[in-house]
Amino acid sequence: MARAVSKRRTIAFTIAAWIVALVIFFPILYTIITSFKSETEAIQGFNLIPSGTVESYAAVQAQSNYFKFFLNSVIISIGSTLLALLIAVPAAWSMAFAPTRRTKDILMWMLSTKMMPAVAVLVPIYLLFRDFGLLDSRIGLTVMLTMINLPIVIWMLYTYFREIPGEILEAARMDGASLWGEIVYVLTPMAVPGIASTMLLNIILAWNEAFWTIRLTTTNAAPLTAFIASFSSPQGLFWAKLSAASTLAIAPILIMGWFSQKQLVRGLTFGAVK
Amino acid sequence: MGKIILKKVNKSFGATQVIPGIDLTIEDGEFVVFVGPSGCGKSTLLRLIAGLEDTTSGTIEIDGKDVTAAAPAKRGLAMVFQSYALYPHMSVAKNIAFPLKMAKMDQAAIDKKVTEAARVLNLTNYLERRPGQLSGGQRQRVAIGRAIVREPSAFLFDEPLSNLDAALRGTMRLEISELHHQLKTTMIYVTHDQVEAMTMADKIVVLNAGNIEQVGSPLDLYNKPDNLFVAGFIGSPRMNFVKGEAAKPWKAPTAGIRPEHIRLSKESGTWKGVVGVAEHLGSDTFLHVNAEGVGMLTVRADGDFPVTHGDTVYLTPDETRIHRFGDKGMAIR
């Protein structure tokens with residue numbers, strides 16, 4: 001039986017939820033507000049009402065080509081996501097449906113790599129990238145982000161696949177499906193919601209990744225994270241321009257996240273409640 | 001054709017031996033039921049025949065061909081699972097067509113076969129629906145349809161009715177038996193329900209702890225159980241076992257008497273007892289009687305036999321229907 005919740009409590013909870021949401025969202029909101037201020041306004045202290053000028057956007061676009069960075073971000077985040085899925089689907093399949101005694105250990109080990117501070121491997125990876133000529137290349141960055149996010153992608157898909165009854169795959173096997181047929185015709189269509197939210201999450205993670213993207217690129221392959229960083233220059237901090245650049249960088253992913261929030265929430269809470 | 005021969009089939013999971021070595025011949029066109037309590041290895045045996053599990057040792061032959069190492073799809077068998085295992089993202093028509101699509105049959109031939117299977121199984125009006133929009137019985141029929149279209153040399157059923165309610169189970173039991181008469185294809189059916197086994201089988205294989213206890217026709221097993229296990233497992237309610245002093249008249253350590261082979265009287269008989277629980281089923285009444293010097297006995301009486309809790313009754317076993325068992329539980333004949 002559902003618990004009766006009084007109207008007053010509902011209102012109180014709604015207000016509390018709005019406050020929490022606003023607090024979390026406030027830095028992004030203030031970035032957007034600041035981007036519509038002039039540089040003088042921006043350094044004058046806390047002010048929620050901007051003059052509405054778009055001079056910072058014009059300056060940012062004049063100073064560096066936004067679309068080049070944007071394109072790099074798109075290529076790298078989508079490319080690394082597709083590459084990760086290509087590896088992760090078969091990997092998660094074997095872990096979910098043909099586990100060995102060591103499967104759990106492998107899963108834990110993969111997760112543990114996410115706990116290692118990235119800076120610890122910065123020098124060896126930088127040297128490897130240099131020796132293989134991958135510095136400042138889209139391919140290099142795509143591979144790097146694929147490897148960084150692969151554990152999460154495999155984990156998420158593994159959780160999804162575990163929910164699919166093994167008997168259905170056995171039925172496909174009896175019906176004459178090859179291993180590939182089983183994955184393509186039965187497993188993947190059944191796991192579409194899971195694969196979709198894994199994809200979305202991974203695109204967001206790759207889009208926001210700032211440690212490696214900034215350190216392994218200079219100009220050619222630099223994505224939007226490097227675009228923002230380029231505005232915090234030694235000549236001084238230009239808050240309005242920095243905000244305009246940040247707004248431009250987060251806008252695409254914010255819009256995508258907004259439209260796919262249902263899918264994302266379902267993906268992240270999947271398996272939590274049976 | 002669908003003659004299946006198992007030779008010394010053995011299956012172990014790690015150090016645990018599930019099936020210690022089974023020899024069994026299933027004739028073409030036979031309806032064979034594997035029956036036994038849960039964990040007796042009956043499903044494992046079926047999965048070994050299907051190819052979903054690898055045999056540890058021994059061979060499996062289908063129509064004279066050794067298929068021990070063959071992939072499931074190469075064995076020409078079709079399987080119906082307990083959970084139906086339908087593809088939830090495909091319509092009924094696509095579910096039934098799936099094995100044909102995998103066999104790369106052309107679309108016109110597939111359509112013809114799907115239509116025919118749907119007609120036989122009363123699914124014509126549901127072809128465009130998804131499995132989620134069907135009732136349990138309809139889902140089961142789709143699973144059977146998917147099996148039929150392949151024209152397999154044998155059908156394997158893994159407890160196909162255990163997810164259905166009692167009434168539907170009765171109907172589906174008839175439908176599967178009817179299907180067997182129509183198709184005359186070998187069917188292997190796994191169940192823990194001895195009523196299903198008795199009513200459907202040409203031949204019953206009783207399994208216990210991975211071993212075959214007895215193979216025979218339903219009436220063979222009922223009338224001539226080889227041992228205590230089969231005697232207790234086949235027949236409902238189960239056979240009464242009388243031990244020690246009470247079994248002396250029949251010169252055996254244990255005597256078995258089925259509830260339906262005990263005559264009941266209010267005046268006189270071999271044993272005197274007091275009625276405990278009386279289960280009234282309408283047509284029959286099952287009495288649980290505490291008989292002096294014998295112990296608890298189950299007795300079948302007519303539905304209208306006037307008796308209630310605490311009544312004194314007299315029981316007389318039918319001498320011609322006594323089963324005698326030796327020290328090791330084997331039948332003495």
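Which domains does the domain assignment of chain B give? The assignment, which is automatic or taken from a database, gives domain 1 (4–232) and domain 2 (239–332).

## Basis of the model

This is a predicted model, in which local features need pLDDT of at least 70, side-chain atom pairs count only at pLDDT 80 or more, and totals for chains, interfaces and linings use all residues. Residues are numbered from 1 along each chain as its sequence is written, while chains are lettered from A and ligands numbered from 1 in the order in which they are written.

## Chain B overall

Chain B contains 8 helices and 19 strands; these are DSSP runs (helices H or I, at least four residues; strands E, at least two), numbered from the N terminus. Along the principal axes, the C-alpha atoms of chain B fill a box of roughly 75 × 45 × 35 Å.

Of the 333 residues of chain B, 40% count as buried, a term that requires 20 or more other C-beta atoms within 10 Å of the residue's own, with C-beta atoms placed from the backbone. Two residues are in contact if their C-beta atoms, placed from the backbone, lie within 7 Å. Among the contacts in chain B with a separation of 6 or more, 62% join residues 24 or more positions apart.

## The two domains of chain B

The C-alpha centres of domain 1 and domain 2 of chain B are 37 Å apart. Domain 1 of chain B gives 6 residues to the contact and domain 2 of chain B gives 8 residues. On the side of domain 1 of chain B that touches domain 2, there are 3 nonpolar, 2 polar and 1 charged residues. In this scheme Ala, Val, Leu, Ile, Met, Phe, Trp, Tyr, Cys and Pro are nonpolar, Asp, Glu, Lys and Arg are charged, and the others, Gly among them, are polar.

## A five-stranded sheet

Chain B has an open sheet of 5 strands with antiparallel pairing, in the order S13-S17-S14-S15-S16. Strands pair if DSSP finds at least two bridges between them. The edge strands, S13 (262–265) and S16 (295–302) of chain B, each pair on one side only. From one strand to the next, the twist averages 45°, with axes fitted to C-alpha atoms and angles running from 0 to 180 degrees between N-to-C directions.

S13(B) pairs with strand S17 (residues 312–317) of chain B in the antiparallel sense over 4 bridges. Leu264(B) has Leu315(B) in S17(B) as its bridge partner.

## Contact between chains A and B

The contact between the chains involves 14 residues of chain A and 17 residues of chain B. On the chain A side, the elements giving two or more residues are helix H8 (166–174) and helix H9 (179–190) of chain A. H8(A) provides the largest share, 6 residues. The residues of this side of chain A comprise 8 nonpolar, 2 polar and 4 charged.

Terms used
Buried ≥ 20, exposed ≤ 12 C-beta atoms within 10 Å, placed from the backbone.
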